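Biologist: I am new to this structure and would like to go through it by question and answer. Please show me the sequence and the model to begin with.

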Amino acid sequence: MSGNDEAPISAREASDLFADWKAVPAIVLAVSGGPDSLALMWLAARWRKARKRGPALFVVTIDHGLRPEAAREARSVKQLARKLDLPHRTLRWTGDKPNTGLPAAARAARYRLLAKVAKAVGAAHIMTAHTRDDQAETVLMRLSRGSGIAGLAAMPRETVRDGAVLVRPLLDVPKRRLVATLDRAKIGFAIDPSNADPRFTRPRLRELMPLLAAEGCDSRNLARLAARAARAEAALELLVDGAERFLAMRSADHPPQSFDASVFYALAAEIRIRLLLRAIGRAGREGRPELGKVEALAAALQSAAARPAPKPGQIKLKQTLAGAVITLTPVCLKFAAAPMRRRKTG
């Protein structure tokens, strides 16, 4: 990519941005009418038109039903899509809206509806216009919540969600370059007022960005932090894979879904926590547990392991987390599904 954060994106740069998905059969483009997603549609359409072969592109706009202007913006997207010879559909998020956690609920609804269209048109991939600025804001949000390495890795370039592959080709591109691209093409765009609404976290962080950038904490460096955290996360997960295989071999004489205690506590603390996350996620009924709760469990287990047991088979600690029962004895750490909770009647 060009080092100029103000320059429009060239056709050659666009070809590099989309190259990873040139062989997939079809892609759904998520386009809202804002500058980022309109630039995504414009660039993707030009890229595809320049190729003899490539994926079929389908444009989808989600109207969340939260602003009266949204329907008009969807029509504008449809008009531009028609000029670019791209099929377009608008889907509406219907039903009651939550009083709290609205951005998260809207995001979940958006991806669910996009995945529905992708399945209908035979597309395995959904392309979104997340930018380097979005990545930087995500890192700040994760920092403010005390996230671990996986959280600081922020948004991956490609991931699976709702049965579709979610891809973000513009994750290293600053928003200003997308606006410049639209300006050169003489394409107007809408501004969502919720992007500046101080009731929500992202707009508040966005207001802080100029001050942070003055201290060197700009979008480029925050995105670099995310990339380095992602690299570290991948390396740690490989280590955990190896530790899990080693534990399985050394725990062969123990009951199923259990770790040899002496081998487990010989591992580094970070590896132990990640192994607990995996084991509880497999044994439990409530999915992957929260990192903070697993960290607290790990501390309790370590404290219990250090205490002498009066009898060889005595239970040193038994705790329930995320629908799993974790039992520590002097010789092993066992995981099992917790009994189903009885529903209250009355």
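Biologist: Which residues do ring pairs link into a cluster?

Modeller: Rings of Phe, Tyr and Trp (its six-membered ring) pair if their centres lie within 6.5 Å; planes under 30 degrees apart count as stacked, over 60 as edge-to-face and the rest as tilted. Pairs of this kind make a cluster of F259, F264, Y265 and F335.

Biologist: What sort of model is this?

Modeller: Numbering starts from 1 along each chain as its sequence is written, and side-chain values rest on heavy atoms, with hydrogens and water left out. Local features need pLDDT of at least 70, side-chain atom pairs count only at pLDDT 80 or more, totals for chains, interfaces and linings use all residues, and the model is predicted.

Biologist: How many aromatic pairs does the structure hold, and how are the planes of F18 and W47 placed?

Modeller: The number of aromatic pairs in the structure is four. F18 and W47 make a tilted pair, with 5.2 Å from centre to centre and a plane angle of 40°.

Biologist: How many residues apart in sequence are the parts that this pair ties together?

Modeller: Helices (H or I, at least four residues) and strands (E, at least two) are DSSP runs, numbered from the N terminus. F18 belongs to helix α1 (residues 11-18) and W47 to helix α2 (residues 35-49), so the pair ties together parts whose separation in sequence is 29 residues.

Biologist: Is F18 buried or exposed?

Modeller: Buried means under 20% relative accessible area, exposed over 50%, partly exposed in between (1.4 Å probe, protein chains only). The relative accessibility of F18 is 0%, so F18 is buried.

Biologist: Are the planes of F259 and F335 stacked or edge-to-face?

Modeller: The ring centres of F259 and F335 are 5.2 Å apart and the planes stand at 65°, so this pair is edge-to-face. It links distant parts of the chain, 76 residues apart, with F259 in strand β7 (residues 258-260) and F335 in strand β10 (residues 332-337). F259 is buried at 7% relative accessible area, and F335 is buried at 5%. To return to the term asked for, the pair is edge-to-face.

Biologist: What is the order of the open sheet of four strands?

Modeller: Two strands pair if DSSP finds at least two bridges between them. In this sheet the pairing is antiparallel and the order is β7-β10-β9-β8.

Biologist: Which residue in the turn between β8 and β9 has a positive phi?

Modeller: Five bridges pair β8 with β9 in the antiparallel sense, and K318 stands opposite T327 in β9. The two strands form a hairpin with two residues between them, and the one in the turn with a positive phi, about 55°, is A322.

Biologist: Which strands stand at the edges of the open sheet of six strands?

Modeller: The six strands follow the order β3-β2-β1-β4-β6-β5, with mixed pairing. Each edge strand has a single partner, so one side of it is left without a neighbour in the sheet; the edge strands are β3 and β5.

Biologist: What length does helix α4 reach from its first C-alpha to its last?

Modeller: The expected span of a helix is 1.5 Å times one less than its number of residues. Helix α4 (residues 102-121) has 20 residues, and against the expected 28 Å it reaches a close 29 Å.

Biologist: Which strands do the buried residues of α4 pack against?

Modeller: Among the buried residues of α4 are A106, L113 and V117. Contact means heavy atoms within 4.5 Å. The buried residues of α4 pack against β1 (26-30), β2 (56-63), β3 (88-92), β4 (125-127), β5 (158-161) and β6 (164-167).

Biologist: Which residues is H125 in contact with, leaving aside its neighbours within four places in sequence?

Modeller: H125 is placed in strand β4. At a relative accessible area of 11%, H125 is buried. Beyond those sequence neighbours, H125 is in contact with W21, V24, A26, I27, V28, V165 and V167.

Biologist: Over the face of which residue does K97 lie?

Modeller: A charge sits over a ring if NZ of Lys or CZ of Arg is within 6 Å of the ring centre and within 35 degrees of the ring normal. At 4.8 Å from the ring centre, K97 lies over the face of W93.
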